[in-house]
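Let's take a walk through a protein and see which side chains pair up. Have the structure open while you read.

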Amino acid sequence: MENSSAERKQQLALDIADGNDPSDAAKNPDGRTKLQGLFKQLSLLDRYLYVWIFIVMAVSIIFGYYVKGVKKAFQVAEITSVSLPIAIGLWVMMYPVLCKVQYEILGGVLRQAGSLKTISLSVVLNWVVGPALMTGLAWATLPDLPDFRTGVILVGIARCIAMVLIWNDLAKGDADYCAILVAINSILQIILFTPVALLYLKVVSRGKGFHVSSWTVAKSVLLFLGVPLAAGVLTRLILMNAFGRKWYESKFLRFIGPWALIGLLYTIFVMFSIQAHQIVDNIGHVVRVAVPLLLYFGILFFGSLGICRWLKVPYPLMVTQCFTAASNNFELAIAVAVGSFGIDSTQALAATIGPLIEVPVLLLFVYIVGFFQRKGPSV
């Protein structure tokens, strides 16, 4: 259902990857002109997204550190231990993406040959490999920092149900499969988060002080996925029936499209402003906590990529699989850490470092996977 603008963006990513080869440029003297024309057709926000994200991250940390009362102002109201401004940003970020999903064909997608294999692979990567990998890396790199280790393990257990929609959309993954995998992870999160967390934090790590109920997890899923999902489904149903598919896809989706990236930048600003003092005052520990996170994102993403290429998974499904496996639900990890250990705890700080590392790393992965779209029939 991608419109011509989305197709131009996808072609642009491919042209950029090929344009780095001087021999290609020599063979195609008109390539540079074509690339420049496509580049100009992108919005300013899309064109320099990686620049805006790094600028917003830097500005938010400086702003939160030097401007008094920022943390208190942003935390004036909370939902399940998450700042209301962050919750609003997440809703704005996810709403346009969820409006794009073709809910009317999801039943057919599930019945397609190979869907069971795709879903089974996702479940294994998310609920078997991911938590075990993060626990192992946390113990290997943070043996002397048990509280930070606990926060890192919480990040690994909380499977992504929000940001993955953005990364998948930017990388031109399969939006319909992504919606299915997000829905499955949401259900499994309610069922499995508490027992898996107890396994790795209390049994494996022999930790203390961890308390979380299934209702806490369910509230997080309902609020941060259920609200924008319901809005997306109702919007698509009502507007397509009222104005038709052509108007909906060519006018409405184009109008709300930029909201997703604006919501992403806003969420980053609020989140890092709130934690600015914690990040700056504990910069040494932040750097150490970044090590298992970087290893985790890299191993899980490229491991999933290798498995998908070996299985000859088509590019859109491969992208969806990789980002679903490597992304994490930082909202839930932060909410559980705050609820169990307190808002100023080192466990909560470690959970907050998760998105500090995840956002730029997965944005880099968005650009990297574009390269693989040229690599043979399997991708």
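We'll start with charged pairs and then turn to the rings.

This is a predicted model, where local features need pLDDT of at least 70, side-chain atom pairs count only at pLDDT 80 or more, and totals for chains, interfaces and linings use all residues. Residues are numbered from 1 along each chain as its sequence is written, and side-chain values use heavy atoms, leaving out hydrogens and water.

How many salt bridges does the structure hold? There are three, each being a side-chain nitrogen of Lys or Arg within 4 Å of a carboxyl oxygen of Asp or Glu. Take D169 and K100, whose closest N and O atoms are 3.3 Å apart. D169 sits in helix 11 and K100 in helix 7, so this pair ties together parts 69 residues apart in sequence. (Helices are DSSP runs of H or I, at least four residues, numbered from the N terminus.) Another salt bridge joins D144 to R288, at 2.8 Å between the closest N and O atoms. Here D144 is in the loop between helix 9 and helix 10, while R288 is in helix 16, 144 residues apart. E249 also bridges to R245; being four residues apart in helix 14, they are separated by about one helical turn.

Now for the rings: the whole structure has 13 aromatic pairs, meaning rings of Phe, Tyr and Trp (its six-membered ring) with centres within 6.5 Å; planes under 30 degrees apart are stacked, over 60 edge-to-face and the rest tilted. Y296 and F297 have centres 5.5 Å apart and planes at 70 degrees, so they are edge-to-face. Ring pairs also link F243, W247, Y248 and F252 into a cluster.

Technical notes. Helix = DSSP H or I, 4+ residues; strand = E, 2+ residues; numbered from the N terminus.
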